[in-house]
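Please read the points below with the model at hand.

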Amino acid sequence: PLTTAEDSVLLVQITDSHLFAEADGRLLGLDTHDSLGKVVDLVLAEQPVIDLALATGDLSQDGSVASYQRFREQSSRLRAPIRWCPGNHDELTAMRAVADPERLLEPVAEVGAWRVVLLDTLGCAMTGAGTEEVALIRRAMTQANGPGGDAMFWGTHDKAPLPLAALANGAAVHAREIDDFGGCAHSGSVVIPAALATAERCGASGARLLLGLIAGYEAMTRAGRGIGEAGWGFHITGVAGPVGAAVASGVVQGLSFDQVMRAIGIACSSSSGIKSFTQGSGGMVKRMHAGRAAETGVLACELAQRGFTGPLAAIDGHFGLIEVIGGSDTAVNALTDKLGEDYAISRVWVKAYPCCGLIHSVSNAIETIKLESALTPADVKRIVVHTSKRAVDHNGDPDPQETMAAQYSIPYCAGAAV
């Protein structure tokens, strides 16, 4: 339910309405205008008084003036100040013709849809903060280190030392398997907790925080691409994540170039994470991979700032991450190719289903078939999925026994989609 404390601001985000010029325009079989109306109805039923609404792209599917007029009509029912943030299908000229100037948030094209990335990650954290595994992490950290600190445990009123807050918050973002994908897997669950916790402690400006987010996504993604298909069984989030977290935290707090480089070296020495969680037990540990990566990067900066040294070629040097953990498709050139031109944060995509990103195409294909053919579970005798050997090895469990295993299982997710 949408609730708010007296001293809070209630923000409602509406995203990807994909409206058409025609009132009955359909996408994947859905009447998008009707769907938006139902979403607004649901929001008003839950919370009739809203402080601010944020509409994020794609507002329109065809970029027409008429589609934005339809969006304005529907969203005005919220009776709240609203800001429009365009997506890749949106046409700014058409949007400006309809939206009041103060409503339109100009896109920051050179750094991608960072607003959406940040809001999505925080939303994932709020829903993940209440899970059993995250509660266990917070409890263990508090009991081991005592209460209090300089950064919040998200979803609570409690604080902890900076590295431990990054650990719990990273796990919270990743806890429901709905955090962002693309670039490097689950960058948001690593980079954003590290950057925000650091900013909270040092009082960084919004501009400095944004710079840290962009740099952290870039570093984590490029390290991940350089490593490639991390040696069979390694989890790239835990391997490349410490690099992204170290860069994000270092940039946010204004460390020198040499200190950030030392922090990367320290972080690389702590890179880890194996995919044994795909084998049917211990799924909680996957959530911790993101948190540990965030914690590792933050701690590396704490050490480097105080003079602790780390190897300067820990990513691409001899016995570095790429050489030691990389698989058969390593690509050292990925560390610098189009650097400063093609930003990783602009290629992030938001998950539609709470499952492994590699399974989304399967779930979406089945959803599309259902919409186009009125398929019901009773009609289905067998589902055949043609996919890669990697997906079979990683996502082929036909009988998952816990939540994490189910979220990684193509057979389970295909059945759930039906």
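The numbered points below concern the aromatic pairs and their surroundings.

1. This is a predicted model, in which local features need pLDDT of at least 70 and side-chain atom pairs count only at pLDDT 80 or more, while totals for chains, interfaces and linings use all residues. Residues are numbered from 1 along each chain as its sequence is written, and side-chain values use heavy atoms, with hydrogens and water left out.

2. The structure contains four aromatic pairs (rings of Phe, Tyr and Trp, the last by its six-membered ring, with centres within 6.5 Å; planes under 30 degrees apart are stacked, over 60 edge-to-face, the rest tilted). One of them joins phenylalanine 71 and tryptophan 84 edge-to-face, at 5.3 Å centre to centre and 90° between the planes. Because phenylalanine 71 belongs to helix α2 (residues 65–75) and tryptophan 84 to strand β5 (residues 82–85), this pair ties together parts 13 residues apart in sequence. Helices (H or I, at least four residues) and strands (E, at least two) are DSSP runs, numbered from the N terminus.

3. Phenylalanine 71 is buried at 1% relative accessibility, and tryptophan 84 is buried at 0% (buried: under 20% relative accessible area; exposed: over 50%; partly exposed: in between; 1.4 Å probe, protein chains only). Tyr68, Phe71 and Trp84 make up one aromatic cluster.

4. Phenylalanine 277 and tyrosine 408 have ring centres 5.5 Å apart and planes at 85°, so this pair is edge-to-face. Phenylalanine 277 lies in the loop between α10 (257–268) and α11 (284–305), and tyrosine 408 in the loop between α15 (403–407) and α16 (410–417), so the pair ties together parts 131 residues apart in sequence. Phenylalanine 277 is buried at 1% relative accessibility, and tyrosine 408 is buried with a relative accessible area of 8%.
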